[in-house]
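Colleague: Could you take a close look at one spot in this model for me, and then tell me about the chain around it?

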Amino acid sequence: MGIVIFDGVAYGMLLFLIAVGLSITMGLMNFVNLAHGAFAMAGGYAAAVAMNSYGWGFFPALALSFVAAALVGGLLEVLLYRRLYRSHPLDQVLLSIGLVFVSIASFTYFFGPSMQPFTLPALLTGQVALAGMEVGRYRLFLIVCGVLVLGALLLLLNKTRFGAMVRASVDNQRVARGTGIPVQRLFFATFVLGCGLAGLGGALSLGMLGLEPTFPLKYLVLFLIVVCVGGAGTVIGPFVAALVVGVVDMAGKYYLPEAGAFLIYVFMVVTLLLRPHGLIPRKGL
Amino acid sequence: MFPISLSARRLPWAETAFWLLLASGFFLLPEHLTLLSQILIMGLFAVSLDMALGYAGILTVGHAAFFGVGAYAAGLWAKHAWAEPFSGLLLALLVCATLGYLLSYLVVRGADLTRLMITIGVCMLLGELANRLVSITGGTDGLQGITMAPVLGLFEFDLYGRTGFVYTFVMVLLVFCVARRILRSPFGLALRGIHDSSKRMQAIGSPVAARLRMAYCFSAAIAGLAGALMAQSTQFVGIESLGINRSAEILIILVLGGAGRLYGGLLGAIVYMVVHDWFADMNPEYWMFWIGCFLIAVVMLGGGGLMGMLARIFKVEKAR
């Protein structure tokens, strides 16, 4: 029982890392971005290539994954996303589905359709005793990463001027613009940050989910569930939702393997039935 | 370029010509009748999606749920109960209309993101269900062993797809006429109004939520009918007819043809299926790449698909 919850929490942390950027972009600009997983994949591949072909260590590769995904995200924001903030959600859905398709095809072309090979660094292999359980070191590392990122994001959003501006823009964009907050630039910054975090999550998922070109499509629904169930526009919402989704999914895999992914969809539909705006809806809604 | 003007009275002639051209495929392309039937079915499916997405503006990316449910309903009915085709169509229609109406309560009340999630979620849920219930649906192998009885007891489904084509053509034309009637009625106008500004429609006293629910229900019913036609004409139901990929495909077809236009879905289906057929031996990854590029280009350049292009070439004069 304990180990299931532990694994579920580790899985949830991974989902949180990838999805938190999506939550902010959806909350701040109401942009329905289905291509968020593609940025995670870009970061993950950057890390995998750096480690496998250039012999980088695991931790520098993690840093690289953040930078690479942030760069790709920034580039696409300027080229494509920026023009569609005021468009109908259908256009945004189409653009992001198009991006997902193009990314899957290009990554298959350049890196082949198979899963990226990955060996854990010696520091993170094996088990460690914790509260009477033998838990995987890598999963513990994931949880530590998730908590660190959550803490950093909460500090950034609640204690800095930048965070105050972001919160103001999420609550009421027009008034925020009226008081002189550069919403457009702010959005660019949060988008890039969110993509970077997704890239980090993509690199970390090398050791847990595995990375292949269909990654953005395969886990798309999970990321969306995390954002939607948690409530777009917050940090705590996706965190709680990611943990719940991770534990529910993991428990389903352990105890009800024949139900497959069924459980998680039922969970989502029921949650949205009871709370259409998510578990923790943002203020000003 | 000057738009060619077309008087409104001539439009019905253009429509008749379009359908006659499709029908002439029976004589002109006898080797490709199966493809033609599939084009017609996908066209009808796209029209059903258009009703929900293009006219009513309900953001749905899971419409294959209804297509698949209709296909499985008709397939199972023919396999286990009665192989007569029309009864299967009726059953699929009723099942999907009920399902659509029940789901509409969930879909309509949320915001765009919630609608998107509910529709994707239901589609994935049903797909997972079909995948798990192997004893009923055949799982990943698909539902096999369907044998349809002759249409009206006279015309047997043959290997060349002749009966299949005529049957599909007549049914698609019939349903399309009904859909056309619905969309051109005051109800259809109300949907357009809601699409443009739901707040103002509310203000002038239009029951917005009820209208959207009805539109979603009609749309689901037609999608189910398209699925049933697919099951009957191919005598097979694949698991992919329920999946998210089919949903994305039909969205692409609709966007290619032009959303929010009556003939957008049909035109899109013709072009998409023919091009797909030409490049059938192309590596699926490259196909995906070009489709992705196409989607990005459509969004960035705008223009409303093929129908948007036609609308710029031909200008319809208002009847006086």
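Modeller: Happy to! B:Gln235 is partly exposed, because 17 other C-beta atoms lie within 10 Å; a residue counts as buried with 20 or more such neighbours, as exposed with 12 or fewer, and as partly exposed in between, with C-beta atoms placed from the backbone. Please keep in mind that this is a predicted model, where local features need pLDDT of at least 70, side-chain atom pairs count only at pLDDT 80 or more, and totals for chains, interfaces and linings use all residues. Residues are numbered from 1 along each chain as its sequence is written, and chains are lettered from A in the order in which they are written.

B:Gln235 sits in the loop between α10 (208–234) and α11 (244–257) of chain B. Helices here are DSSP runs of H or I with at least four residues, strands are runs of E with at least two, and both are numbered from the N terminus. The phi angle of B:Gln235 is near 55°, a positive value in a residue other than glycine.

Now for the chain around that loop. Chain B has 14 helices and two strands. Its radius of gyration, taken over C-alpha atoms, is 19 Å, close to the 20 Å that the globule rule (2.2 Å times the number of residues to the power 0.38) gives for 320 residues, so chain B is as compact as a globular protein of that length. Along the principal axes, the C-alpha atoms of chain B fill a box of roughly 55 × 45 × 40 Å. Buried residues account for 51% of the 320 residues in chain B.
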